[in-house]
Amino acid sequence: MIKVQGLNKWFGDQHVLRDIHLQVAQGEVVVVIGPSGSGKSTLCRCLNRLETAGSGDILIDGVPAPVEGRELAGLRADVGMVFQSFNLFQHKTVLENVMLAPMKVRGDARPEAERTARELLARVGIAEQADKMPAQLSGGQQQRAAIARALAMRPRVMLFDEPTSALDPEMVGEVLDVMTALAADGMTMVVVTHEMGFARRAADRVVFMDDGQIVESAEPNAFFDAPRTDRARDFLAKVLTH
Amino acid sequence: MSAFLDHLPQFWQGLVVTLQLTAASFAGAAVVGLVITALRVSPVRVLRGIGTAYVETFQNLPLLVLLVLAVFGLPEIGVKAGLLETAIVVIALYEAAYLAEALRSGVNAVAAGQGEAARALGLTFSQSLRHVVLPQALRTVIQPIGNIFIALTMNTSLAAAVGVVELTATANRVNLLEAQPIPIFVGAGLAYALIAACAGFVTGRLERRLVMIR
Ligand SMILES: Nc1ncnc2c1ncn2[C@@H]1O[C@H](COP(=O)(O)OP(=O)(O)OP(=O)(O)O)[C@@H](O)[C@H]1O
Ligand SMILES: [Mg+2]
């Protein structure tokens with residue numbers, strides 16, 4: 001589904017992604033973990049080209065991801081993304097947030113877009129919030145709305161960049177529940193997160209990054225119970241004691 | 001005061017021309033200003049350069065110079081256009097630079113994540129500008145745009161210098177007959193103030209209507 005080959009990325013002369021190779025199969029849930037600054041967000045943002053790669057290839061279903069223009073917009077329409085800071089459109093209601101892209105990008109008619117949007121809002125458990133403005137919702141509700149907005153494009157892959165990091169602890173669960181259900185439905189997902197419980201429960205594979213490199217890639221139980229590298233062991237020791 | 005009242009129909013005619021100049025050039029400035037704003041925030045360096053060059057040029061030339069150049073220069077190169085039309089186009093192009101500056105500061109006030117989220121959904125750059133970034137940017141710069149509208153209204157009086165018989169030119173003409181500058185120009189000034197007051201009222205209303213909860 002996604003194939004990343006020899007991806008390198010520099011910010012100025014800082015080498016933030018070093019020769020990344022990664023494959024994500026159809027229906028697979030890959031959780032990316034690693035210390036702050038290790039390049040997890042950058043990798044995630046390179047996958048839909050919100051960040052331009054320095055070198056290397058990104059293939060989606062065997063086709064090189066387009067670099068610019070309408071073709072790139074077409075790629076992004078098929079790759080959903082959920083941000084740490086929700087990024088709901090502040091001037092639109094929750095319902096309008098979900099309807100915008102299907103109407104403008106897919107050309108869906110309004111009644112159809114509205115029906116799908118309401119269904120999705122119900123699916124993430126915020127049907128009653130449809131006509132509110134984003135700022136009137138709690139963080140957890142906003143993030144669920146953002147997930148519904150991404151799903152409305154019927155994406156083939158969903159990218160999550162620390163979707164629960166900006167949330168109060170009591171709201172983390174409601175968002176993770178939606179993501180777990182999505183994973184169980186067979187959605188292909190790449191999830192950057194610090195939620196180790198979610199990784200154990202929902203991931204098919206855990207990818208551990210450090211200093212711009214993929215250091216370890218393993219099935220979750222194997223990774224958490226017996227990390228192979230010292231760096232992964234150190235990292236786990238730190239996060240799991242908290 | 002009778003010097004003013006005796007010539008009421010003339011003043012009315014002048015006011016109508018001033019309103020035409022104001023409305024048409026503001027509409028033109030809005031369209032051109034939006035295009036220049038889009039250029040200035042575009043990811044393409046050349047387009048950004050063009051936008052910046054435009055703003056720099058028009059902000060660094062006096063409107064009166066531009067008006068005189070257009071009115072006397074265009075016929076020289078074979079372009080024939082009415083005085084009023086020429087003035088409208090020149091004022092529109094000039095004020096567009098100021099509108100573009102205001103709009104760009106509005107765009108900068110919109111969080112980067114908004115445009116990113118729009119593009120991540122598959123909207124093209126211009127779609128994300130049109131449906132997500134600009135509507136939010138506009139809400140933050142209603143007040144400055146109202147001020148530009150008022151400045152534009154006042155600037156239309158410069159068209160008098162190139163022969164457009166708008167409100168100020170009318171006052172001048174009437175004064176040549178009556179030689180009573182105080183009542184005549186106070187009357188004309190009040191008319192300008194009235195337009196400005198209306199603009200202030202409308203922007204105040206718009207600001208309250210479009211206020212965005214963040
Ligand atoms: N726009 C940018 N310009 C310059 N440097 C950047 C930019 N974005 C990220 N970086 C740098 O790139 C490196 C990787 O950043 P990235 O955000 O991908 O890390 P991360 O693993 O997501 O960290 P975190 O867990 O804190 O989110 C960091 O050193 C960061 O300072
Ligand atoms: Mg990050």
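**The cavity and its lining**

Reply: Helix α5(A) gives the most to the lining of the largest cavity, with three residues. Please keep in mind throughout that this is a predicted model.

Me: What makes the space a cavity, and how many of 30 Å³ or more are found?

Reply: A cavity is a set of points where a 1.4 Å probe fits but cannot get out. The search of the whole structure finds one of 30 Å³ or more, and the volume of the largest cavity is about 40 Å³.

Me: Which residues line the largest cavity?

Reply: From chain A there are Gly80(A), Met81(A), Phe83(A), Ala146(A), Arg149(A) and Ala150(A), and from chain B there are Ala117(B), Ala120(B) and Leu121(B). Two or more residues each come from β6 (79–82) and α5 of chain A and from α6 of chain B.

Me: Why is one residue of this lining counted as polar and one as charged?

Reply: Gly counts as polar and Arg as charged, and the lining includes Gly80(A) and Arg149(A). By class, the lining has seven nonpolar, one polar and one charged residues.

**Helix pairs in chain A**

Me: Which residues of α5(A) and α6(A) meet?

Reply: On the α5(A) side they are Gly139(A), Gly140(A), Gln141(A), Gln143(A), Arg144(A), Ile147(A) and Leu151(A); on the α6(A) side they are Met171(A), Glu174(A), Val175(A), Val178(A), Met179(A) and Leu182(A). By class, this contact has seven nonpolar, four polar and two charged residues.

Me: Which classes of residue make up the contact of α3(A) with α4(A)?

Reply: Val94(A), Leu95(A), Val98(A), Met99(A) and Met103(A) in α3(A) meet Arg110(A), Ala113(A), Glu114(A), Ala117(A), Arg118(A) and Leu121(A) in α4(A). The contact has eight nonpolar, no polar and three charged residues.

**Chain B**

Me: How many helices and strands does chain B have?

Reply: Chain B has ten helices and zero strands. The C-alpha trace of chain B spans about 65 × 45 × 20 Å along its principal axes.

Me: How do you know whether α2(B) and α9(B) are roughly parallel or roughly antiparallel?

Reply: Helix α2(B) and helix α9 (residues 167–178) of chain B pack at an angle of about 155°, with their axes 7 Å apart. Angles over 145 degrees count as roughly antiparallel, and α2(B) and α9(B) are therefore roughly antiparallel to each other.

Me: Which residues of α2(B) and α9(B) meet?

Reply: Gln10(B), Phe11(B), Gly14(B), Leu15(B) and Thr18(B) in α2(B) meet Leu167(B), Thr170(B), Ala171(B) and Val174(B) in α9(B). This contact has five nonpolar, four polar and no charged residues.

**The pockets**

Me: What is the volume of the largest pocket, and which residues lie nearest its centre?

Reply: The largest pocket holds about 790 Å³ of space. Of its 30 lining residues, Arg76(A), Val41(B), Pro43(B), Arg119(B) and Phe125(B) lie nearest the centre. Helix α2(A) supplies the largest share of this lining, five residues. By class, the lining has 15 nonpolar, seven polar and eight charged residues.

Me: Which helix gives the largest share of the lining of the second largest pocket?

Reply: That share, seven residues, comes from α10(B). The second largest pocket has a volume of about 400 Å³. Its lining of 19 residues has Phe26(B), Ile142(B), Ile145(B), Gly146(B) and Leu206(B) closest to the centre. The lining divides into 16 nonpolar, two polar and one charged.

Key: Residues numbered from 1 in each chain as written. Chains lettered and ligands numbered in written order. Predicted model: local features only at pLDDT ≥ 70, side-chain atom pairs only at ≥ 80, totals over all residues. Heavy atoms only, no water. Contact = heavy atoms within 4.5 Å. Helix = DSSP H or I, 4+ residues; strand = E, 2+ residues; numbered from the N terminus. 1 Å grid on protein atoms, 1.4 Å probe; cavity = no way out; pocket = protein on both sides within 12 Å on 5 of 7 lines; lining within 4 Å. Points joined across faces, edges and corners; volume = space filled by probe spheres on them. Axes fitted to C-alpha atoms, helices over the stretch in contact; angles between N-to-C directions. Parallel < 35°, antiparallel > 145°, perpendicular 65-115°, else oblique.
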